Amino acid sequence: MRIAYLYDFYGEILSEKQQLVFEMYYNDDCSLGEIGEQIGISRQGVRDCVKRCETALSQMESKLGLAAKFEEMTEDIDRIKQSAVIAFEKLADKDGCEDIRQSMDDIIKTAEVLKNKF
């Protein structure tokens, strides 16, 4: 699962052949033999390609850390949204707080928009 997640971030750095093998193996759930038959290499060649892909993706993450930063950011957005929801609910029963409720509602919507952009 982690490697497939990293592929979303760094898959473009792989060659076209590596991308094809990776997608067939992880996304299409093809066996090494099936992949080998379709692209004309040995089963061992497919396995080696998959391992090289995994290594390349892991190395990119260790150097750049984009996947980890993305996870942290989405968790932060979730916390912001949850805090805004709690504050909104606490204000829902109070009179004279319409401006604050509107601001909290805007924060909730903005957090959701931010999260969905990624």
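Is Asp76 buried, partly exposed or exposed? Select Asp76 and look: Asp76 is partly exposed, with a relative accessible area of 36%. Keep in mind as you go that this is a predicted model.

**Stop 1**

Side chains of opposite charge can pair when their charged atoms come close. Now show the cartoon for helix H5, residues 66-91. Asp76 and Arg79 are 3 residues apart in H5, so about one helical turn separates them. Arg79 is partly exposed too, at 49% relative accessibility.

The structure holds 3 salt bridges, and the next stop visits another of them.

**Stop 2: from H5 across to H6**

Lys81 forms a salt bridge with Glu112, and the closest N and O atoms are 2.4 Å apart. This pair links distant parts of the chain: Lys81 sits in H5, while Glu112 sits in helix H6 (residues 98-117), 31 residues apart. How exposed are the two partners? Lys81 is partly exposed at 26%, and Glu112 is partly exposed at 28%.

The crossing of H5 past H6 is left-handed.

To see where they touch, colour the contact residues. On the H5 side these include Ile77, Ile80, Ala84, Phe88 and Leu91. On the H6 side they include Ile100, Met104, Ile108, Ala111 and Leu114. Lys81 and Glu112 also belong to this contact. Sorted by class, the contact of H5 with H6 has 13 nonpolar, 1 polar and 6 charged residues.

**Stop 3**

Move to helix H4, residues 43-64, and select Glu54 and Lys51. Glu54 forms a salt bridge with Lys51, where the closest N and O atoms are 3.4 Å apart. The two are 3 residues apart in H4, so here again about one helical turn lies between them.

Lys51 is partly exposed, with a relative accessible area of 39%.

Keep Glu54 selected and look for residues it touches. Leaving aside residues up to four places away in sequence, Glu54 touches Ile3 and Tyr26. Both will turn up at the next stop.

**Stop 3: H1 against H2**

Select helix H1 (residues 2-10) and helix H2 (residues 16-27). Their axes come within 11 Å and cross at roughly 140°, which means that H1 is oblique to H2. H1 passes H2 in a left-handed crossing.

Which residues make this contact? From H1, select Ile3, Ala4 and Tyr7.

**Stop 5**

Go to the loop between H2 and H3 and select Asp29. Most residues other than glycine have a negative phi. Asp29 is not a glycine, yet it has a positive phi of about 60°. Asp29 counts as exposed, at 65% relative accessibility.

**Stop 4: H3 against H4**

Continue to helix H3, residues 32-39, and show it together with H4. H3 and H4 pack at an angle of about 105°, with their axes 8 Å apart. That makes H3 roughly perpendicular to H4. Leu32, Gly33, Ile35 and Gly36 of H3 make the contact with Arg43, Val46 and Arg47 of H4. By class, this contact has 3 nonpolar, 2 polar and 2 charged residues.

**Stop 7**

Finally, select Glu37 in H3. Glu37 is exposed, at 71% relative accessibility. How far apart are Glu37 and Thr110 in space? The distance is 49 Å, and in sequence they are 73 residues apart.

Notes. Residues are numbered from 1 along each chain as its sequence is written. This is a predicted model: local features need pLDDT of at least 70, side-chain atom pairs count only at pLDDT 80 or more; totals for chains, interfaces and linings use all residues. Side-chain values use heavy atoms; hydrogens and water are left out. Axes are lines fitted to C-alpha atoms, for helices over the stretch in contact, and angles run from 0 to 180 degrees between N-to-C directions. Helices (H or I, at least four residues) and strands (E, at least two) are DSSP runs, numbered from the N terminus. Angles under 35 degrees count as roughly parallel, over 145 as roughly antiparallel, 65 to 115 as roughly perpendicular and the rest as oblique. A crossing is left-handed if the near helix is turned anticlockwise from the far one by less than a right angle, and right-handed if clockwise. Contact means heavy atoms within 4.5 Å. A salt bridge is a side-chain nitrogen of Lys or Arg within 4 Å of a carboxyl oxygen of Asp or Glu. Buried means under 20% relative accessible area, exposed over 50%, partly exposed in between (1.4 Å probe, protein chains only). Ala, Val, Leu, Ile, Met, Phe, Trp, Tyr, Cys and Pro count as nonpolar, Asp, Glu, Lys and Arg as charged, and the others, Gly among them, as polar.
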